[in-house]
Amino acid sequence: MDRDLRRRTRALFVYFFIPGLALASWVTRTPEIRDAIGASVAQMGLVLFGMSIGSMCGILLAGRIVAALDTRTTALMGLCLILSSMVTVAVGVILGSQIMAACGLALFGLGMGGAEIAVNLEGAGVEALRKKPVLHTLHGCFSLGTLCGALIGLALVSLGVPVALHLAAIAVLIAGLIIAFRNDIPSGNGLSSGGNHATIADARIWGDPRVLLIGLIVFAMALAEGAANDWLPILMVDEHGFSVASGSLIFLAFTAAMTAGRFGGGIFIQRFGAARVIRGCAILAGLGVAYVVFGTNPWLAGVAVLMWGLGTSLGFPLALSAAGAGGGADSAARVQAVAIVGYLAMLVGPPSLGFIGEHYGLRNALLVVTTLIVGASIAAPAVRPRAA
């Protein structure tokens, strides 16, 4: 790689790392945040719905913002909103305000939705330039961010550090990373050229059966990842009898499994191909989620969480790579369409599980995830390269 491409790739590592760090920072404290704002399971679902609203806006507007401003500006704007969300949630905890906490998560969703679409488009561009899989490693950096955030959160829970102070410190760290890497992605990428390029509103994108099947895969795997991100600590505390610290530790194990799967997945992708890897991952994730739903041994449930994390690790990046493979005028639109489906599933889907969980229990709500994962395993051949 030349120097500029190395800088661009390194900046993308950081841009993927920041949302993961921020996400895990508040996820590891969700039991305490819930108690501080006095929320029931259904009310916590409403608070998380703030993130869903922000996410939908960010994801759906991201394409137009990228076309008008470029990927770098869109990503930086999103990361700054994520920084603001940490401060806003911290204020909500101090005031005991569910509305303020929901607003903070709305800012997080808005920022993450916009930034993640932009950086995935950048990642697909880097992957094309390097002519080798890169997106699974970039998504590994997101998982590394969640791992670091979970480690920090676990340590601070054990030390009794207040939630608000924790989130404020993370905001300062994010600000430093944004400033340090703000210029390493070239400007102008993704701007609308007015040519004959497809957009996500184009019927030829959504009318492509292969794109729809890839969308099913990414929806299922991203929902499985998002369900763990939003509900795993609470699920382990409320349904399997773990302490708050142990619930955070199990979430840490989940993020470690995700990180290992994404950084180590390249070997399996090259040896077995994307379709077999997707099917194997779906089977592993499905078994893990199923035991969390039906199992009675708490420690075996902890082991099942590792299967859950490893199984979902490669679904999202492999789906994006498959969507962009083959180039063509509609390549970026295919990537954006699949990314939108994935982020809607990961950020908007989990709050819906909260409403189901209020009436039928969180374990039973995860049956939706298990069913979709079965569908992803059946659709796995869609990620094979297009026939010439």
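## Ground rules

Helices here are DSSP runs of H or I with at least four residues, numbered from the N terminus. We're looking at a predicted model, where local features need pLDDT of at least 70 and side-chain atom pairs count only at pLDDT 80 or more, while totals for chains, interfaces and linings use all residues. Residues are numbered from 1 along each chain as its sequence is written, and side-chain values use heavy atoms, with hydrogens and water left out.

## The second largest pocket

H10 is the top contributor to the lining of the second largest pocket, giving six residues. A pocket, on a 1 Å grid over the protein atoms alone, is an open set of points with protein on both sides within 12 Å along at least five of seven lines, and lining residues have an atom within 4 Å of a point. This one holds about 250 Å³ of space, the volume being what probe spheres set on the points fill.

Of its 14 lining residues, Phe268, Val277, Cys281, Leu310 and Leu314 lie nearest the centre. Helices H10 (244–272) and H11 (274–294) are the elements that give two or more residues to this lining. By type, the lining splits into eight nonpolar, five polar and one charged; Ala, Val, Leu, Ile, Met, Phe, Trp, Tyr, Cys and Pro go down as nonpolar, Asp, Glu, Lys and Arg as charged, and the others, Gly among them, as polar.

Now for the cavities, sets of points where a 1.4 Å probe fits but cannot get out.

## Salt bridges

The whole structure has eight salt bridges, meaning a side-chain nitrogen of Lys or Arg within 4 Å of a carboxyl oxygen of Asp or Glu. In one of them, glutamate 239 pairs with arginine 363, with the closest N and O atoms 3.8 Å apart. This pair ties together distant parts of the chain, 124 residues apart: glutamate 239 sits in the loop between H9 and H10, arginine 363 in helix H15.

Glutamate 239 is partly exposed at 31% relative accessibility, whereas arginine 363 is buried at 18% (buried is under 20% relative accessible area, exposed over 50%, partly exposed in between, with a 1.4 Å probe and protein chains only).
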